[in-house]
Amino acid sequence: MPSPFEDPTRQPVTYRPIGVIRTPFIEQENTPIQGIFNSACGTVEVFPEYEAGLLDLEQFSHLILIYHFHRANTAVLRQKPFLDVQKERGIFAIRHFNRPNPIGISIVELKGVRGNLLDVCGVDILDGTPLLDIKPYVRQFDHREEVRSGWVDEQHVDDIGEWNSTPEALRQRGRVNL
């Protein structure tokens, strides 16, 4: 049996950012917990050496941004999610940023492409977040019917779109305990 140092699945993985995400959010407390609940806009600055990879991107209405939670704290395996103050959940059953690998994903609406800049709306990302990758959202591939959403289905959050769904606003509603 190979040692953990010889096992390629246990080797460190290193990525280099391909850009930076610019948003109006500078504090986690006031950053929406999901982009679908707000119309905030921002800019994705793709570093010039990757601009050629943006060819044909303007044909898509939505993008999946993959990024590094650069202000995450120490990883935890159990955490109270923003929408449930009653119970800790496994980190892989929630979307909290304090993860073993602090990688985030967001679906954003693409409003325009200006050279190496992408204008996007529906952002839920802190300003200055390092961008790791961009993927086009493809309805035929990414949408699923009859989805179960685990413990979230029990939270009665159907009206959450009407809330200001930031950690601070959820705390004021008695929905979160950080």
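**Figure 1. Surroundings of N38 in the predicted model.** The side chain of N38 reaches the backbone nitrogen of A40 at 2.7 Å. The model shown here and in the other views is predicted. A polar atom of the N38 side chain also lies 3.2 Å from the backbone oxygen of V123. N38 sits in the loop between β1 (19-22) and β2. With a relative accessibility of 19%, N38 counts as buried, because the limit for that class is under 20%. Setting aside neighbours within four places in sequence, the residues in contact with N38 are F25, P32, G122 and V123.

**Figure 2. The whole protein, for orientation.** The protein has 2 helices and 8 strands. Along the sequence, the order of these elements is β-β-β-β-β-β-β-β-α-α. Of the 178 residues, 38% are buried. The accessible surface comes to about 11600 Å², and carbon and sulfur atoms account for 51% of that surface. How many of the contacts between residues at least 6 apart in sequence join residues at least 24 apart? The share is 75%.

**Figure 3. The disulfide between C41 and C121.** A disulfide is a covalent bond between the sulfur atoms of two cysteines. A search of the whole structure finds 1 disulfide. It is formed by C41 and C121, with the sulfur atoms 1.9 Å apart. C41 belongs to strand β2 (residues 41-46) and C121 to strand β7 (residues 117-121), so the pair ties together parts that are 80 residues apart in sequence. The torsion about the S-S bond is about 90°, and therefore the disulfide is right-handed. Are the two cysteines buried or partly exposed? C41 counts as partly exposed, at 41% relative accessibility, whereas C121 is buried, with a relative accessible area of 11%.

**Figure 4. The largest nonpolar core.** In soluble globular proteins, nonpolar side chains tend to be buried together. The largest nonpolar core of this protein has 20 residues, and the members that touch the most others are V44, L63, L65, L118, L131 and I134. Two or more core residues come from each of β2, β3 (62-68), β6, β7 and β8 (129-136). Which element gives the largest share of this core? The answer is β3, with 3 residues. Apart from neighbours within four places in sequence, L65 is in contact with I21, V44, G104, I105, S106, V108, I125, L131, D133 and I134. Among these contacts of L65 are V44, L131 and I134, which are also named among the core residues that touch the most other members.

**Figure 5. Aromatic rings around Y67.** There are 2 aromatic pairs by the ring-centre rule. In one of them, Y67 and F69 are arranged edge-to-face, with 5.4 Å from centre to centre and 85° between the planes. The angle is classed as edge-to-face because it is over 60 degrees. Ring pairs link Y67, F69 and F97 into a cluster. Y67 is buried, at 3% relative accessibility.

**Figure 6. The buried histidine H96.** H96 lies in the loop between β5 (89-90) and β6 (103-114). Its relative accessible area is 4%, so H96 is buried. The side chain of H96 reaches the backbone nitrogen of N98 at 3.1 Å. Leaving out neighbours within four places in sequence, H96 is in contact with Q79, F82 and I91.

**Figure 7. The partly exposed histidine H143.** Where is H143 found? It lies in the loop between α1 (139-142) and α2 (167-172). At 44% relative accessibility, H143 counts as partly exposed, whereas H96 in the previous view is buried. The side chain of H143 makes a polar contact of 3.0 Å with the side chain of E145. Beyond neighbours within four places in sequence, H143 is in contact with Y137 and V138.

**Figure 8. The backbone at D56.** D56 is found in the loop between β2 and β3. D56 is not a glycine, yet its phi is positive, at about 75°. The relative accessible area of D56 is 37%, so this residue is partly exposed.

Notes. Residues numbered from 1 in each chain as written. Predicted model: local features only at pLDDT ≥ 70, side-chain atom pairs only at ≥ 80, totals over all residues. Heavy atoms only, no water. Helix = DSSP H or I, 4+ residues; strand = E, 2+ residues; numbered from the N terminus. Buried < 20%, exposed > 50% of the residue type's maximum accessible area, 1.4 Å probe, protein only. Polar contact = N/O pair within 3.5 Å; in protein donor to acceptor, adjacent residues only side chain to side chain. Contact = heavy atoms within 4.5 Å. Phe/Tyr/Trp six-rings, centres within 6.5 Å; stacked < 30°, edge-to-face > 60°. Areas by Shrake-Rupley, 256 points an atom, 1.4 Å probe, with all protein chains shown as cover. Disulfide = S-S within 2.5 Å. Core = buried A, V, L, I, M, F, W, Y, C linked by side-chain atoms within 4.5 Å.
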